[in-house]
Amino acid sequence: MTTSNTVTTPIEPYARPEFVLDTQRPETTEVLRPLSLFESLYRLGWLRKTVILVVLAVIWEIYGRWLNNPLLFPSFSDTVHAFGSGIYSGVLLERAAVSLQTLLIGYGLGIALAALLTTVAISSRIGTDLLETLTSMFNPLPAIALLPLALIWFGLGTGSIIFVLVHSVLWAVALNTHGGFRSVSTTLRMVGQNYGLKGFSLVGAILIPAAFPSILTGLKVGWAFAWRTLIAAELVFGVSSGAGGLGWYIFENRNQLETANVFAGLFFVILIGLFVENFIFATIEKRTIHRWGMQH
Amino acid sequence: MTTSNTVTTPIEPYARPEFVLDTQRPETTEVLRPLSLFESLYRLGWLRKTVILVVLAVIWEIYGRWLNNPLLFPSFSDTVHAFGSGIYSGVLLERAAVSLQTLLIGYGLGIALAALLTTVAISSRIGTDLLETLTSMFNPLPAIALLPLALIWFGLGTGSIIFVLVHSVLWAVALNTHGGFRSVSTTLRMVGQNYGLKGFSLVGAILIPAAFPSILTGLKVGWAFAWRTLIAAELVFGVSSGAGGLGWYIFENRNQLETANVFAGLFFVILIGLFVENFIFATIEKRTIHRWGMQH
Amino acid sequence: EASAIRVSHGYGILYLPLMVMRDQQLIEKQAKKMGLGEVKTTWLTLDGGNVINDAMLAGNLDVAGTGAPGFVTLWSKAQGIPRSEVIGLGALSTSSLWLNTNNPNVKSLKDFTPKDKIAIPGIKTSLSAVVLQMAAAKAFGPENYAKLDPLTVSLSHPDAVGALLGGKTEITAHFTSPPFSYQEAKDPKITRVLNSSELLGNITLDVVFAPKHFTESNPKLTQAFMAAQEEANAYIAANRKGAAEAFLRISKIKMTLPEVEQMLADKDTQFSTTPDGLMEYVSFMDKAKTIKTRPAKWSDMFVPAFQTRKGS
Amino acid sequence: MSHDDRAGQGAGAALSAPAPLLEIDNVTLQYKTSEHLVTATKQVSFKVYPSDRYILLGPSGCGKSTLLKAIGGYMAPVHGAIRLKGQTITQPGPDRMMVFQEFDQLLPWKTVRQNVEFALHASGRLKGREAAERAAYYIEKVGLIKFIDSYPHTLSGGMKQRVSIARGMAMEPDVLLMDEPFAALDALTRRKMQDELLRLWDDTRFTVLFVTHSIEEAIRIGNRILLLSPHPGQVKAELNSVPVHEMGTASQAQLETRINDMLFAH
Amino acid sequence: MSHDDRAGQGAGAALSAPAPLLEIDNVTLQYKTSEHLVTATKQVSFKVYPSDRYILLGPSGCGKSTLLKAIGGYMAPVHGAIRLKGQTITQPGPDRMMVFQEFDQLLPWKTVRQNVEFALHASGRLKGREAAERAAYYIEKVGLIKFIDSYPHTLSGGMKQRVSIARGMAMEPDVLLMDEPFAALDALTRRKMQDELLRLWDDTRFTVLFVTHSIEEAIRIGNRILLLSPHPGQVKAELNSVPVHEMGTASQAQLETRINDMLFAH
Ligand SMILES: Nc1ncnc2c1ncn2[C@@H]1O[C@H](COP(=O)(O)OP(=O)(O)OP(=O)(O)O)[C@@H](O)[C@H]1O
Ligand SMILES: Nc1ncnc2c1ncn2[C@@H]1O[C@H](COP(=O)(O)OP(=O)(O)OP(=O)(O)O)[C@@H](O)[C@H]1O
Ligand SMILES: [Mg+2]
Ligand SMILES: [Mg+2]
């Protein structure tokens, strides 16, 4: 079973004299190793990301030019140009503001409902069943399934768009949150119960922070899908009077074959996505899960 | 600081005789407490879920009848009736088969790409940046943004639909997987490295199982969004000829105002969702994370 | 009588009368004339027949312009369902649909091979699809109405224009309406295979309709609307430039005035409230078994005021 | 009030048997896993009286932690009953403060100070400045004042365990349940913690249930020692510890040998 | 081959100094947290020779685990160097098998048996039946053969720790790094584990670095003992342990007192 060789004399540890040191011994100077230029540049997160973005932009530009089909796929420079004039004329900002407002309401409502649903789910077995059943039933349903109910309940316009947005945010956030809750270590949960926490207070004080990495993922996924849905929904629900959002802007320009403007609208969505990821979500992560040592 | 009362004599522990027992003492009969009828019924997961489903169906039926607007929102019984005749005539099964096939290809490809991307992401800092940047840029983009490229690369039909499906699955799964990877405890990661595991083998042997709860959530979200996207995409990317899927079936019937059929198609999606959740995902969960004590 | 009315129009030039009504507030004007006082009109821009159907069925919409086949379907399906029945308020517009191709080998419908793909916005059921089928029936005989169906693919008009002009995709033909048809025709690579008006005549493409209960409980408002539409049509006929300006104002489309005027000058583009060729759709759709109740005559589908008109 | 008060243990209360604070009555505890049923303890009965320093001693895997969890209210016995002041225990609560065996029992999103304070707030024990003072006091006692604003993941194993001890003590509960709290500590720190626990007991005379696997520690800390047999745990004996003034004398050594023999004999 | 071989420790090799297996050369280890910089050890130097049973002894939080992690290749020193057979350590690897202090070091998705086997497979040590036999052998040695097919979450704290020990031993590595492996074990089990470790050493003469906070255990297991000062850890002394045949005699007690004094004196 063991692999020793019993023939040769076994090795003995080397015997050496003992020693005792004075702990108050003089400090030797410590010199930290310098980093190479590449290494110190590589350490800058924003630089790494900028390089990635530049590479992507270059690929886009080259492919766009090679394709030479501006009606279908404009180049990066055309898009930026269209974006610039859209911003300059104020129309893009106006449309984005309309969209963002709707989006935030829908997103917020979706999160609130997800919080409610997962609290119910984590508090009892039938609650879990309810969440699981509702999620598996409704999550795969496309927005058109909701359309009749949306029209009956909220009419044409923002109300319905928000309803559809909630549908796209709610289930993803709830699934992630509930999954996170269920993965919270038994010990932490027991600690919370030990303090006498129950129901909402247990969820708020223990489960939410303990499951925060999962919840954040859910929020990110929900955010992205809210955008996707919003743009599609603005198209379906049209505009009542003048004030359309980015989705409508994209649709309008598509109809006019102003493809560069279409891509400018999408480019704005991308920019907002990058902003939200790198400033909002990154800050939240730094202040929470990184600081708490929950994610590496 | 402490709350004792120093005036009264302190309580002393009660002194009592020692005793030593024979460990081989006779067994006393143990009778397990019987459960009440409600309790034993409540313990049956399928029964709880069935009750929820029945309640939902009843609500649908009542609301549908009260609304009395069958062209917009048929009642549950109308839907089931249309579903029955759709199944009987074979058309629903045929359409669902077409959709499921496309769906599974897109889903599988999306997962494979997500696996690749997260492995790259977890292996280096710039990989992480790449994943974060790509996700925050592309995840919010609606399918229409992909249309031009899909059209050029794959033409109309299944190829494009799969492309769009991958787009809807990839980012959600990648976000969840990467979040899960990053939440894997340092100790487990160190154990894997200790065995000499690196790159793909570390991901496969340590990170994937350790992050399995998050990955499963990602798979669930991805599955649901794949369905949503498929149904919408079949409409946008159309079908060249006869062989449409469920999305096309829904669209066609909607145009012909056969609303009960539309809902029968959606009902099929719901049934598939329930099946996948309760048989496939539930089995996977039972065999993995529950068995491993990772989720409660 | 209601003191508010919600009307929707679509996106293109075919909705011009409604846009003029919106631009010049003709409904308000006519309502006042009828003694209804101040009537508030809410205008919506909606794309696609499904949403219009749904919105109307949900009670969110009073009057809408939509494609003729879609209206026939809704009218027929809603028969006998009290709160859902709809009724036509008149025709809206007619124009020619062009089948353009970038394949030099295709000169007529008969030249299409299985390699060609014809883009239409929604196969089988959309307005273009039905008109194309009717054209096919004329070209290949009534029983072969679906002969071109295997070649059709669903693609929205703008994307189809991009695909057709840019090449590099499988799309070789596009069946479309103005302004897209004009845009394509400007390109020298593009040839026209078919003009729908040449084959089918100037049949009505779009109609205006409302829920039946709305017209019954608001007869005066309905009348005001119809009068406003007549006024708009008269204005368009009399003042092409003014109509073109109204179009640009309402639709916010970035076209030049001459371009719009040129489109309006096309003899195939006409605006009249009297339907033409509706029964052709009906009999065609009846044959294709896409409708359940067939109207005995076209005026069954319209408000009583049309009983005396001589449409078809 | 000094440690010597503990010398007179039993002298004052020997007259009549008081009501037991905690009664473990023929308790069998089981775990249901997907594969099989594991019996952790079998028909265990014992009584803990007010102000007892009650020690659970037994080999690894004999069910000590499981018993503590059941008393904490996290598990229901499949047979028998656990009563606190005559009431069957149905749920966890801050009247039974628990120090778990695991290192991950600190809330990772709170600093050392916040962890202790939050326990006081959440359980409704103390608020505001009082809580802050109490927290600082006990954190100082466990020698972590330098790390008071550190997050748990930046602490060593032993330091985490000490925060949990500080938290448990700061709650000054009626019943303190401690599961091998000193296992991760070096000899010196351990001795200091033991003294701290005894000092606190002198002050507030709370009841403590203490799991340990060190016989020496059992004798030093406890007044009453329960010996459990190996898996599944059954009661082997319940012994009295030696009074404080006999600590370090032959009677301590004697008891140590006696326990050793009882545990290690098969 | 018996334990008494260890009695002659040093006798055979006293002639010339062999090359050290592991050289810790003026090593400073730091953690960077978002708030501040924590120095865990400061200018620590020591040498471990082949077949040493080298003990790290020091108060809680003095940087023992950190040192072990650095030797394991998980952390780079901010200053100084760690060399294994003359090569600077750059990454973790199966030549230095680690038994961590944490309870969560077992792979939760593998049973006890699979956990041990997988270590052998993944590191390329053994495959197939050989691995299975080796795993079963060591699991039996730590007294968990009854639980060989259990998943880690169904084990008690001490049992988990024993599985980690079995896994570490089954790897029969050149260098075994053990971080307080016996802390969660009761006296009897602990004694058995210590004997098992020494028996294995007798057989394969591997080198072991062993962190403990029990002076008694240090003397029993080690041949060489490094004493570290409190946080941040610095070397206080390096002592020889007593040979096996003097175990239980006055020289053991003497050494224990000496270490006690050195550690507890300020
Ligand atoms: N979650 C669980 N699921 C199934 N079995 C368990 C679980 N936790 C513990 N056990 C089993 O119950 C028995 C008692 O475990 P317990 O943790 O109470 O032991 P312990 O006396 O605290 O041991 P240690 O001193 O090693 O911590 C063990 O056999 C263990 O395998
Ligand atoms: N991840 C970390 N981040 C920041 N500081 C840390 C981290 N881990 C440990 N430390 C700090 O480094 C010092 C040494 O920790 P280490 O875990 O090495 O101690 P130890 O000697 O193993 O103690 P114990 O015996 O309690 O396990 C401690 O002051 C601790 O606060
Ligand atoms: Mg335990
Ligand atoms: Mg340590």
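The model is predicted: local features need pLDDT of at least 70, side-chain atom pairs count only at pLDDT 80 or more, and totals for chains, interfaces and linings use all residues. Residues are numbered from 1 along each chain as written, chains are lettered from A and ligands numbered from 1 in written order, and side-chain values use heavy atoms, without hydrogens and water.

**The site of ligand 2**
- Chains D and E both give residues that surround ligand 2, so the site is shared between chains.
- There are 22 residues around ligand 2, and D:Thr154, D:Ser156, E:Lys64, E:Ser65 and E:Thr66 come nearest. A residue is near a molecule if one of its heavy atoms lies within 4 Å of it.
- By class, this shell has 7 nonpolar, 13 polar and 2 charged residues. Ala, Val, Leu, Ile, Met, Phe, Trp, Tyr, Cys and Pro count as nonpolar, Asp, Glu, Lys and Arg as charged, and the others, Gly among them, as polar.

**Atoms close up**
- An oxygen atom of ligand 2 is 2.5 Å from a side-chain N or O atom of E:Ser65.
- A polar side-chain atom of E:Glu180 lies 3.0 Å from an oxygen atom of ligand 2.

**C:Thr273**
- C:Thr273 has 5% relative accessibility, so it counts as buried (under 20% relative accessible area; exposed is over 50%, partly exposed in between; 1.4 Å probe, protein chains only).
- The side chains of C:Thr273 and C:Glu230 make a polar contact at 2.6 Å. Such a contact is a pair of N or O atoms within 3.5 Å; within protein, one must be able to donate a hydrogen and the other to accept it, and residues adjacent in sequence count only if both atoms are side-chain atoms.
- C:Thr273 and C:Gly70 are 203 residues apart in sequence and 17 Å apart in space, C-alpha to C-alpha.
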